[in-house]
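Subject: The two-chain model, with notes

Hello,

Here is the structure I promised to pass on to you.

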Protein chains: 2
Amino acid sequence: MTTSHEVRLKQRPVGMPTAADFEMATVEVRPPAEGEVQVKNLYMSVDPYMRGRMIDRPSYVPPFELGAALQGGAVGEVVASGADGFKPGDIVSSMYGWREAFTAKAEHLQKIETHGLPVQAFLGVAGMPGLTAYVGLTRVAEMKAGDIVFVSAAAGAVGQVACQVARLKGCTVIGSAGGPEKTAFLREIGVDQVIDYKAEPDLKAALRRAAPKGIDVYFENVGGAHLEAALDSARPNGRFAICGMISIYNDERPEPGPPNLALIIGKRLRLQGFIVSDNFDLAPQFVAELSGWIKSGQFHYRETVDEGIAAAPGAFLKLFTGENIGKMLVKLA
Amino acid sequence: MTTSHEVRLKQRPVGMPTAADFEMATVEVRPPAEGEVQVKNLYMSVDPYMRGRMIDRPSYVPPFELGAALQGGAVGEVVASGADGFKPGDIVSSMYGWREAFTAKAEHLQKIETHGLPVQAFLGVAGMPGLTAYVGLTRVAEMKAGDIVFVSAAAGAVGQVACQVARLKGCTVIGSAGGPEKTAFLREIGVDQVIDYKAEPDLKAALRRAAPKGIDVYFENVGGAHLEAALDSARPNGRFAICGMISIYNDERPEPGPPNLALIIGKRLRLQGFIVSDNFDLAPQFVAELSGWIKSGQFHYRETVDEGIAAAPGAFLKLFTGENIGKMLVKLA
C-alpha cells in the first residue's frame with residue numbers, strides 16, 4: 001500500500017481563512033481495481049474560487065465537506081493502472097488535489113497532451129485559469145482587434161493570460177496589480193498601461209489617466225473599487241466579463257456594490273458572469289493557440305511555487321494577500 | 001401670430017426637483033416658412049429620464065439648457081403647413097414638449113398612424129415607454145415563453161406594458177409596485193404574483209415567496225433593493241434588462257450598489273443596459289402587435305392625466321413620488 005498525506009477542511013473559515021481551518025491527515029492508497037488508476041500527484045493548484053466552496057451554501061459546485069480531503073485541480077503521473085488506455089508514466093489531470101496520491105476511476109482522469117509545455121502549465125496558463133481568460137475575452141466579452149481592454153488582478157494566474165491574449169489579438173491593454181514587482185512583470189509581458197492600485201489613492205482617476213479614451217472591455221477579477229473605476233471609464237456598448245471578485249470573497253458582511261452602477265443604462269453596458277466549466281469546448285483551440293505563442297516567444301508567464309503538501313494551506317492564503325505572481329502552485333513530487 | 005405658453009428650466013435641481021426649478025414663459029409662435037409646420041400640442045409627456053437631462057454632464061443625450069423650453073415627447077395637430085406631406089389636422093409626434101404650440105422643420109416631426117388608438121397612446125403604451133418595455137424583454141433580455149419574469153415599477157408607463165407583453169408571450173409575471181391602488185391594477189392586468197414593496201419589510205423575502213422557483217428575466221426600472229432582490233432570486237443564466245433606476249435619480253450622493261453583485265458570476269447572469277432610441281427599428285412590429293392585443297381586449301392600460309401646461313412641473317414630480325398609475329401625461333388642448 002502507498003501512503004499519502006492530504007489536507008482536509010477542519011472547519012469552515014469565517015472571514016480570512018487561517019491555518020486552523022485546515023488539518024493534515026495520512027491515508028493508505030489502495031492499488032487500482034479494474035477500471036481504476038493510481039496516480040502520484042506532481043503539482044496541485046490553489047484557486048480563489050475554492051474560498052466559495054468552503055462556505056456551506058448552494059452554488060454552481062457543491063460545498064467542500066468537513067473532514068474530507070479538499071478537492072482541486074492537480075496533475076500527476078500514473079503509477080499503476082487497471083484501466084484500458086492508462087499506463088504507468090502517463091501524465092493526467094484530475095480534481096483530486098490537496099493530496100499526494102490517490103486511486104480513482106479512469107473516467108475521473110484526463111490524459112494530458114502537453115504540446116511540449118511543462119506539466120504544471122496545465123494547472124495554469126494552459127489549464128483552467130488560462131482557459132478562463134481566453135473564454136472571458138473571446139466569448140463572453142466578444143473582444144475584437146482595436147478594443148481597449150482593462151484587466152484587474154492582471155499579474156495573477158488568469159490576469160497574466162488575459163493581458164497577453166488581448167495584446168496578441170490586437171488590443172490595447174491596461175493592467176492593474178498591486179506593488180512594484182507585479183507591475184514590473186506586467187511591463188515585461190507587454191501591457192500598454194500599468195496601474196499599481198496599491199499606490200493610487202483614486203483608482204477611478206488612475207484609470208482615466210491610463211485610458212483617456214475609455215475602455216471597451218473589462219475583465220473583472222476583483223470587484224469593489226476596480227468595478228467602479230471600470231464603469232466610470234467604460235465607453236458606450238462596453239462589455240464586462242465578470243470572472244471573479246476576489247476583493248470580497250472573505251468579507252463576513254458583504255460590501256455594497258459600486259455607487260455608479262446606473263451607468264450601465266446610458267452607456268448600454270453588458271455585464272456577463274461566466275464559469276469556465278461551461279466553456280470547455282474552447283479548450284483545444286485555446287491550447288493550440290497558446291502553445292504556438294509560447295514556442296514562438298510571444299507569450300511569457302510566471303508561476304509561484306511552494307513545495308510539499310504541508311505548504312498547501314499557506315499557498316491558498318497567499319491568493320488573498322496577493323503574494324503570488326502568476327499561477328500559485330504547490331509542487332508535490 | 002399664435003401665442004404659446006412654455007415651461008423652462010430655471011435652475012438645475014439638486015436632489016428632488018421643486019417647483020422653483022421651473023418657470024413659465026409666453027412666446028409668440030411664427031407662421032411656418034417653406035419646409036416648416038406649425039403644431040398645436042394636444043398632449044405632452046413627462047418621463048423619468050428627463051431628470052438626468054437636468055444635470056449638466058455628458059450623457060447619451062445632451063443636458064437641457066437653462067432658460068430654454070424643456071424638451072420631451074409630445075403629440076399634436078398640424079394647424080398650418082409650409083411642407084409637403086403635412087396638412088392641417090394631421091396628427092404628429094415630436095420632441096417639442098413642455099409647450100402649447102411651436103413651429104418646426106417638417107423633418108423634426110413624425111406623422112402618426114394611429115391604428116385606431118387614441119393619439120396620447122403614442123406617448124405611452126404605443127410610444128416610447130411601450131416600445132421600451134417591448135425592446136427590453138424581447139431583444140435585450142431575450143425573453144422566451146415559459147420564463148419567469150420580474151418587473152419593477154410594474155404599474156408605471158413602461159412596467160404596465162412589460163407585464164402584459166410578458167404575459168401575452170407565455171411567461172409567468174411577478175410585478176412590484178407601491179400601494180393598494182397600483183397592486184390592484186396589476187391584478188386587473190393579469191400579473192400572476194403582485195408585490196406591494198411599500199408593505200414589505202424585506203423585498204428579498206417577498207420575491208422569494210412570489211417566485212419560489214426563481215426568476216429568469218428581470219426588467220429593471222428601479223435599482224436599489226429591487227436589484228438586490230432580483231439578483232438573489234435569479235436562476236442560472238438569468239437576463240436583466242436594465243432600463244432605469246428611478247430610486248436613485250434624485251440622490252445627491254449616489255447610493256452604493258447591491259451587496260450581492262457577485263452572484264452574477266456563479267449564476268452566469270447577464271445585466272444589459274439599453275436605450276430605446278437604439279431600437280426604433282422594432283417600433284412598427286411592436287405597434288402592430290400591440291394594437292391587435294388592445295383591439296381584441298387582451299391588453300389594458302392606464303394613464304394619469306393632468307391638465308394644462310402649468311401642471312407640467314407637478315406632473316413630472318409625481319413620477320418620483322410614485323403618484324402616477326400607468327403613463328403620466330399632461331393634456332394641453
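A definition to begin with: a helix axis here is a line fitted to C-alpha atoms over the stretch in contact, and the angle between two axes is taken between their N-to-C directions, from 0 to 180 degrees. Please also keep in mind that this is a predicted model.

Helix pairs

Helix α2(A), residues 128-140, packs against helix α3(A), residues 159-168, at an angle of about 45 degrees, and their axes are 8 Å apart. Angles under 35 degrees would count as roughly parallel and 65 to 115 as roughly perpendicular, so α2(A) is oblique to α3(A). The crossing of these two helices is right-handed. If you want to see the contact, show P129(A), G130(A), A133(A), Y134(A), G136(A) and L137(A) on α2(A), which meet V161(A), A162(A), V165(A) and A166(A) on α3(A).

Chain B has its own pair, with α2(B) at residues 128-140 and α3(B) at residues 157-168. Their packing angle is about 45 degrees, with 8 Å between the axes, and they are therefore oblique to each other. Here too I can give you the handedness: the crossing of α2(B) and α3(B) is right-handed. Among the residues of α2(B) in this contact are T132(B) and Y134(B), and the α3(B) side includes A157(B) and V158(B).

The sheet

Next, turn to the strands. An open sheet of 12 strands, with mixed pairing, runs in the order β10(A)-β9(A)-β8(A)-β11(A)-β12(A)-β13(A)-β13(B)-β12(B)-β11(B)-β8(B)-β9(B)-β10(B). Which strands stand at its edges? They are β10(A) and β10(B), each with a single partner strand, so one side of each has no neighbour in the sheet. From one strand to the next, the twist averages 15 degrees.

- β9(B), residues 172-177, and β10(B) pair in the parallel sense over four bridges; G175(B) has V194(B) as its bridge partner in β10(B).
- β11(B), residues 215-220, and β12(B), residues 234-242, are parallel over five bridges. Y218(B) has F240(B) in β12(B) as its bridge partner.
- β12(B) also pairs in the parallel sense with β13(B), residues 270-273, over four bridges, and R239(B) stands opposite R270(B) in β13(B).

How the chains meet

How many residues of chain B are in contact with chain A? There are 30, and they touch 30 residues of chain A. On the chain B side, α7(B), residues 263-266, and β13(B) each supply at least two residues. β13(B) gives the most, with four residues.

The two copies can be superposed by a rotation of 180 degrees with 0.0 Å of shift along its axis, at an RMSD of 0.0 Å. That is the relation of a two-fold axis.

Happy viewing, and best wishes

Note on methods:
Residues numbered from 1 in each chain as written. Chains lettered and ligands numbered in written order. Predicted model: local features only at pLDDT ≥ 70, side-chain atom pairs only at ≥ 80, totals over all residues. Pairing = 2+ DSSP bridges. Least-squares fit on C-alpha atoms with pLDDT ≥ 70 in both. Parallel < 35°, antiparallel > 145°, perpendicular 65-115°, else oblique. Left-handed = near helix turned anticlockwise from the far one by under 90°. Contact = placed C-beta atoms within 7 Å.
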